[in-house]
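Please consult the sequence and the coordinates alongside the text.

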Amino acid sequence: MTKLSWTGFSKKTPLKRREHLKDNALLSQENQVLLDNDIQLSLETANQMAENVLGRFSLPFAICPDVMVNGDTYHIPMVTEEPSVVAAASYASKLIKRSGGFSAEVHNRQVIGEVALFDVADKEAAQLKIKEASNHLIALAKASYPSIVKRGGGPHRLWTEIKDDFLIVYLAVDTQEAMGANMVNTMMEALVPDLEELSAGKSLMAILSNLAAESLVTATCRLSIRCLSRDKNEAEYLANKMALASQLAQIDPYRAATHNKGIFNGIDAAVLATGNDWRAIEAGGHAYASHDGHYRGLSTWIYDQTAKELVGQLTLPMPVASCGGSIGLNPSVAVARDFLNNPDAKTLATIIVSLGLAQNFAALKALTSTGIQAGHMKLQAKSLALLAGATPEETKQVVKELITSKHMNQETAQAILKQIRKN
Ligand code: HMG
């Protein structure tokens, strides 16, 4: 089989990029037709998905080609409004592939639900009673949602914790291929009457938790520092700076928030493209970032001086789904999933976390070398030109002049455009 080449892909027009996909049979015929004809969510379906619907809302749909995860190559769909995100992910993935790609591991895949009990007079005694009844409670939860049990999933573990005025009952549920919000909420609500009776207290609420601490995924990569610079000394200097950037994100929450935002640039784009709930993934990721009581960067980079390699690692909850919710309703999601060979939920989670690490590598490399503005603003210039009203033909010229201008802003873009039109 000849190796698929992506050289020059970024320079092609969208139509030529689609041809590239077709020439290399990267999509099924059916999904290629959807893409070629811009077939998107119908108004009718949109109206079933949300309330007070007026129409549909578009965003750029792109791919980050050639990302190697656990030995397999993926072309990851990304939906984002921000310039330079896809470029940065593509750039980093290409370098990381040359060094062997990502290895990624799913530690567990269970979603946690909770029932918070209050007005419990003797919390310790109630805790004991609930513990003794845990088999019965798990059976109750199973009976409330039998279809997941038939599929080999369902509730696995029940435990309690006393926190201030509350006795909280947690349930870990294997939701298989689904995100499982409805299923876990149904189970938690089914437990309420028995839990109130056992604790002689009242239920405040029964709901799943987005801190999916039992759905952790880790992606790792090792890159030869030669990819940072051909000059040995400079490469070592930059590798040390990347490690320092990682250290800074561990100790300074101001930096950690931006560091993590950069990771979510990639993660959100793929989560959105694959029809998953990005608010749940963001909430879980940020909550996990402070799991030891201090908000920290989710990834770490270490310079291995012996191997002369930069070692990156990213761990966060990634309870994404391969079915359920709106996944089967949106034609764009069908195209996105096809790019990834319709992965199961665990494989999808490894791909998305790897993309997050690639995104983080590109941002840290830019920040510790040229600075973020050089690459990011070069691509941001396109948006400024378009905002100023430039046609696609004029955009090239406006961008060229904007990059070398003193103040790269919309006012300058408008002035350049005016001048071009005058000439
Ligand atoms: P460069 O070295 O100038 O790139 O970097 P290049 O022109 O030599 O191209 C190298 C490869 O990058 C290309 O290979 C593409 O794979 C990719 P080729 O296809 O040419 O063989 N690439 C592109 N792909 C698609 N479209 C493009 C494109 N350009 C390059 N137009 C680059 C340029 C932007 C990649 C680099 O400067 C970079 O990675 N910068 C970081 C940008 C970034 O992180 N953006 C995110 C938004 S900023 C933010 O929100 C997060 C942040 O605050 C997070 C944090 O603080 O940690 C920064």
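**Notes on the structure**

1. Asp164 is placed in the loop between S5 and S6, where helices (H or I, at least four residues) and strands (E, at least two) are DSSP runs numbered from the N terminus. Its phi is positive, about 50°, although Asp164 is not a glycine. Most residues other than glycine have a negative phi. At 72% relative accessibility, Asp164 counts as exposed; the term exposed stands for over 50% relative accessible area, buried for under 20%, and partly exposed for values in between (1.4 Å probe, protein chains only).

2. On provenance, this is a predicted model, in which local features need pLDDT of at least 70 and side-chain atom pairs count only at pLDDT 80 or more, while totals for chains, interfaces and linings use all residues. Residues are numbered from 1 along each chain as its sequence is written, and side-chain values use heavy atoms, with hydrogens and water left out.

3. As to the overall architecture, the chain has 16 helices and 10 strands. Its C-alpha atoms fill a box of roughly 80 × 55 × 50 Å along the principal axes. Of the 423 residues, 48% count as buried.

4. The surroundings of the ligand deserve attention. The ligand is surrounded by 25 residues, the closest being Ser84, Tyr91, Lys94, Arg255 and Lys261; a residue is near a molecule if one of its heavy atoms lies within 4 Å of it. By class, this shell holds 10 nonpolar, nine polar and six charged residues. Here Ala, Val, Leu, Ile, Met, Phe, Trp, Tyr, Cys and Pro count as nonpolar, Asp, Glu, Lys and Arg as charged, and the others, Gly among them, as polar. At least two residues of the shell come from each of helix H4 (85–98), helix H10 (253–273), helix H13 (345–368) and helix H14 (372–387).

5. An N or O atom in the side chain of Ser84 is 2.7 Å from a nitrogen atom of the ligand. For Lys261, a polar side-chain atom lies 2.8 Å from a ligand oxygen atom, and for Asn265 an N or O atom of the side chain is 3.2 Å from an oxygen atom of the ligand. The protein covers 74% of the 1100 Å² of accessible area that the ligand has on its own, by the Shrake-Rupley method with a 1.4 Å probe; for residues, only the protein chains shown count as cover.

6. Ser84 is found in the loop between S2 and H4, and its phi is near 80°, a positive value in a residue other than glycine. With a relative accessible area of 18%, Ser84 is buried.

7. Aromatic pairs number four, under the rule that rings of Phe, Tyr and Trp (its six-membered ring) pair if their centres lie within 6.5 Å; planes under 30 degrees apart count as stacked, over 60 as edge-to-face and the rest as tilted. The ring centres of Phe61 and Phe339 are 6.4 Å apart and the planes stand at 35°, so this pair is tilted. Because Phe61 lies in strand S1 (residues 61–69) and Phe339 in helix H12 (residues 331–339), the pair ties together parts that are 278 residues apart in sequence. Phe61 is partly exposed at 31% relative accessibility, whereas Phe339 is buried at 5%.

8. The rings of Trp159 and Tyr170 have centres 5.3 Å apart and planes at 25°, so the pair is stacked. Trp159 belongs to strand S5 (residues 154–163) and Tyr170 to strand S6 (residues 166–174), so the parts tied together are 11 residues apart in sequence. Trp159 is buried, with a relative accessible area of 19%, and Tyr170 is buried at 10%.

9. Arg157 lies over the face of Trp159, 4.1 Å from the ring centre; a charge sits over a ring if NZ of Lys or CZ of Arg is within 6 Å of the ring centre and within 35 degrees of the ring normal. The charged end of Arg279 likewise sits over the ring of Trp278, at 4.3 Å from its centre.

10. His75 is found in strand S2 (residues 72–79) and counts as buried at 8% relative accessibility. A polar atom of the His75 side chain lies 3.0 Å from the backbone nitrogen of Asp66.

Terms used:
Polar contact = N/O pair within 3.5 Å; in protein donor to acceptor, adjacent residues only side chain to side chain.
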